[in-house]
Amino acid sequence: MTQNNPLLAPWTTPFGAPPFDQIRPEHIRPAFDAAMAEHLAEIAAIGSDPAPPAFGNTIEALARSGRALARVGNLFGNLVVSLGGPALEELDRELSPRLAQHGMRVALDPDVFRRVAALHGRRDALNLEPDQARLLERTHLGFVRSGAALAPEARARMAAISERLATLHTRFGQNVLHDEKNWHMALEERDLEGLPDFLRAGMAEAAAARGVAGYAVTLSRSLVEPFLAYSARRDLRARTHAAWVARGTHPGAHDNRPLIPDILALRAERARLLGYRDFAEFRLADSMAGSVAAAEALLAEVWEPARRRAGQERDRLLEVARAEGLEGDLQAWDWRYYAEKVRLADHALDEAALKPFFPFERIQQAAFDTASRLFGLRFEPLPDLPLYHPDVRAYEVRDAEGHVGLFLADPFARADKRSGAWMSSYRDQENLDAAVSPIVVNNNNFARAEPALLSFDDAETLFHEFGHALHGLLSRVRYLPQSGTAVRRDFVEFPSQVYEHWLSLPDTLRAYARHHRTGEPLPEALMRKLLDTRTFNQGFGTVEYVSSAMIDLALHRLEDPAALDIEAFEAEFLQRIGMPTAIGLRHRPPHFQHLFAGGGYAASYYAYLWSEVLDADGFDGFTETGDPFDPAMAARLRHLLSAGDTEDPMRLYTGFRGRMPDTAALLRMRGLAA
């Protein structure tokens with residue numbers, strides 16, 4: 001299958017985009033075989049080079065290596081989560097351990113590491129440019145943290161751990177997807193009491209997609225959360241919530257509970273092999289936070305104010321619930337429902353009344369136009385570019401100097417698509433041997449309807465992911481390992497979170513929040529209510545998130561994770577931190593994909609809050625100028641986005657802001673300030 005394999009041939013499509021219309025699952029395995037073989041040959045050539053180690057023949061050679069594998073891997077990784085289906089999922093189960101084995105074979109190559117270590121030992125005498133010095137430093141650190149400096153037996157164990165973790169991560173994610181695909185609750189007209197038109201339309205689309213009559217709630221967050229907020233049927237809310245929190249816990253082949261102790265034990269073993277007490281200590285050593293204590297201190301600073309605020313919110317919800325006849329305690333499936341009642345009673349703001357003013361197409365355009373005003377970008381549709389699904393739209397991104405990259409938008413939920421929202425790339429920017437432009441994709445899981453109407457939270461999510469996309473699109477680095485979002489985990493969320501602020505500008509809302517049928521702007525009074533109630537229910541939201549970040553760190557600090565009973569641990573942990581009984585973790589461990597379906601946020605889920613400190617403080621810089629599009633601030637923000645990992649992230653931030661950040665803006669923004 002290597003002949004006529006589009007994954008191995010040059011891509012002659014416009015801008016070098018993947019030829020999606022030619023790619024079939026049967027092309028993928030042979031393409032990986034060929035790309036991995038090519039990569040190993042490149043690594044062998046670097047390690048056996050008879051010339052003395054130099055930056056060019058070692059560090060730059062490493063940066064050049066594996067380009068074919070990156071091309072195939074990026075495409076396959078994106079299609080698995082965006083397109084899915086049995087064939088790709090089977091390939092993912094087969095290939096993930098092989099790719100992990102390959103990655104460790106490269107990361108532990110003794111000949112290459114000797115050359116890297118030799119260069120690192122005399123780095124001060126090499127007269128390197130700043131980006132080169134950082135690349136050498138980070139390359140050496142990457143080898144060390146992979147285990148390249150260990151004894152042979154320990155290196156072999158590190159490789160085995162990586163391979164086993166890859167298998168477990170893939171199984172974990174596929175188990176969650178299985179539960180989300182295989183559960184729905186069919187409803188008839190009589191079951192729809194309290195549901196607004198936009199939700200009925202989304203549930204009708206979901207039912208049609210599942211081949212059932214009438215309406216259906218699925219386990220897509222874009223349906224679950226509004227159903228819990230509006231359904232007057234407490235029994236149906238309870239049933240939906242039970243299915244939502246039970247993902248990954250059904251006994252049998254798709255139960256994630258047995259996988260968690262294995263994953264945690266392997267991570268802990270890897271950390272100890274590298275000289276760390278636990279995995280959290282290992283992970284945080286290479287972060288902006290710098291230590292577990294610093295991350296825990298930030299979470300603790302927010303936790304108690306959030307818990308107090310949530311208690312006040314609960315008391316007000318109970319007043320309304322009692323008046324409507326609720327007996328007993330407020331339950332987790334009640335909170336969102338009565339929060340909407342309180343929002344309407346106390347603030348005269350009906351979230352359902354907002355949605356007609358937030359059609360997807362207009363909010364996407366708002367994100368584009370904001371980038372145009374800040375950074376001079378244009379987004380030109382490419383309707384004829386072959387794509388992997390009819391939902392996807394492609395755009396060429398340009399600025400005053402010409403082509404910047406390609407942006408793909410994949411906005412809607414599908415049964416085989418991974419839940420959540422994320423940015424990824426099919427190709428990352430670099431400029432070592434030639435200018436290579438990025439190809440970036442945003443995935444969301446908005447409920448499909450005609451038209452597709454977003455909640456304000458959905459609109460913020462769109463802006464959030466587009467902030468990540470800009471980080472990839474605006475990258476201007478020489479070396480691929482430093483490109484775009486290849487930064488520390490607790491810095492990568494800053495560009496996405498700061499971008500959300502532009503959605504909340506009154507001028508943005510006046511221009512783009514318009515009724516999907518009449519085109520009338522969001523009424524000024526309604527807009528003011530929306531902005532004035534931004535801190536409404538923030539106790540709930542903060543408790544829901546921070547508790548998940550706290551249990552993440554706690555799990556990765558366990559001394560004996562192999563003996564873990566995850567459900568008993570969860571219950572004990574929630575009791576110990578004083579978790580309000582009517583609020584649940586945003587992500588229970590058995591479906592916490594940030595942690596266990598790849599591990600990118602393992603012992604790092606706190607990063608969203610760390611980055612929120614930066615984004616709240618950073619946007620204050622624009623506010624202080626009196627112009628949210630201040631050209632000087634925008635230019636400094638563009639520099640930060642373009643720099644990738646060529647500089648220390650705190651140095652990038654202080655160069656943008658002019659000083660170190662503090663938490664005052666975060667606490668004020670969440671309504672938690674004293």
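Helices (H or I, at least four residues) and strands (E, at least two) in these views are DSSP runs, numbered from the N terminus. This is a predicted model, where local features need pLDDT of at least 70, side-chain atom pairs count only at pLDDT 80 or more, and totals for chains, interfaces and linings use all residues. Residues are numbered from 1 along each chain as its sequence is written, and side-chain values use heavy atoms, with hydrogens and water left out.

**View A. Helix α8 from end to end.** With 14 residues (197–210), α8 spans 20 Å from its first C-alpha to its last, close to the 20 Å expected at 1.5 Å a residue; the expected span is 1.5 Å times one less than the number of residues. Just after α8 comes glycine 211, with a positive phi of about 75 degrees.

**View B. The buried residues of α8.** Look here for Phe198, Leu199, Gly202, Met203, Ala206 and Ala207, which are buried (under 20% relative accessible area, with exposed over 50% and partly exposed in between; 1.4 Å probe, protein chains only). Their cover includes β1 (184–187), β2 (215–218), α9 (221–230) and α15 (351–354), where contact means heavy atoms within 4.5 Å.

**View C. An open sheet of five strands.** The strand order is β3-β4-β5-β7-β6, with mixed pairing; two strands pair if DSSP finds at least two bridges between them. At the edges, β3 (378–381) and β6 (422–427) each pair on one side only.

**View D. Strands β5 and β7 side by side.** Six bridges join β5 (residues 402–412) and β7 (residues 439–446) in the parallel sense. Follow leucine 406 to its bridge partner in β7, isoleucine 439.
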